[in-house]
Amino acid sequence: MSVVRRERLLIGWTETLDLPDWGIKRLRAKIDTGAQTSALHVENIRELPRDQVSFDVVLHRAQRERRVHVKTGIVRRARVRSSNGHQSTRLFVRTLIVLGSVIRSIELSLVDREQMVHRMLLGRAALTGAFLIDVDRRNLQSRPAKKSPRKRRITTPA
């Protein structure tokens, strides 16, 4: 019996990824091997009839007007314990992610991550079998968005 071994994609502790089903490109995600499930920052969650949900994906922490409205099916509801120990019931949805050359369907919990730097956490269930993580590096499969040049403040002596 022979064992077929697939190469795993090397990623950093933070990457940008796409959610093509929802038209989202270059979303910053933190790779979190301490979390079983993945989580996405959303606002305006509304449960709809027939196990549907609508919500706004907030794409950028500082530019809150950058958002995408999504309507999709609810996969499940589950109790989740956050890193601070707080338990809550969350809605889970399913969508495709594209990270480097890997395209896969994952479950995401919908949650308020407003105070967090990254809009998304990619947990172990989404990472299993496809990735190796280099915790010393970032953006191995994606280039970070170019930052606009900062305006330098020039002060003159009074």
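What share of the 158 residues in the chain is buried? Buried residues make up 38%; the term means under 20% relative accessible area, with exposed over 50% and partly exposed in between, for a 1.4 Å probe and protein chains only. This is a predicted model, in which local features need pLDDT of at least 70, side-chain atom pairs count only at pLDDT 80 or more, and totals for chains, interfaces and linings use all residues. Residues are numbered from 1 along each chain as its sequence is written, and side-chain values use heavy atoms, with hydrogens and water left out.

Start with the fold. Read from the N terminus, the order is β-β-β-β-β-β-β-β-β-β-α-β. Take the contacts between residues at least 6 apart in sequence: 54% of them join residues at least 24 apart. Contact here means heavy atoms within 4.5 Å. The accessible surface comes to about 11,000 Å², and 48% of that belongs to carbon and sulfur atoms. The areas come from the Shrake-Rupley method with a 1.4 Å probe; for residues, only the protein chains shown count as cover.

Now go to the helix. Leu127 sits in helix α1, residues 124–127. Leu127 is buried, at a relative accessible area of 5%. Beyond its neighbours within four places in sequence, Leu127 is in contact with Ile11, Ile31, Thr33, Arg104, Leu122 and Ile133. Asp32 is 95 residues away along the chain, yet the C-alpha atoms of Leu127 and Asp32 are separated by 9.2 Å.

Next, the rings. The whole structure holds one aromatic pair. Trp22 and Phe55 have ring centres 5.6 Å apart and planes at 75 degrees, so the pair is edge-to-face. Rings of Phe, Tyr and Trp (its six-membered ring) pair if their centres lie within 6.5 Å; planes under 30 degrees apart count as stacked, over 60 as edge-to-face and the rest as tilted. Trp22 lies in the loop between β2 (14–19) and β3 (24–31), and Phe55 in strand β5 (residues 52–58), so the pair ties together parts 33 residues apart in sequence. Both Trp22 and Phe55 are buried.

Arg26, in strand β3, has a positive phi near 60 degrees without being glycine. Arg26 is partly exposed, with a relative accessible area of 40%. Arg50 is not a glycine either, and has a positive phi of about 60 degrees. Arg50 lies in the loop between β4 (38–48) and β5, and counts as exposed at 78% relative accessibility.

Methods: Helix = DSSP H or I, 4+ residues; strand = E, 2+ residues; numbered from the N terminus.
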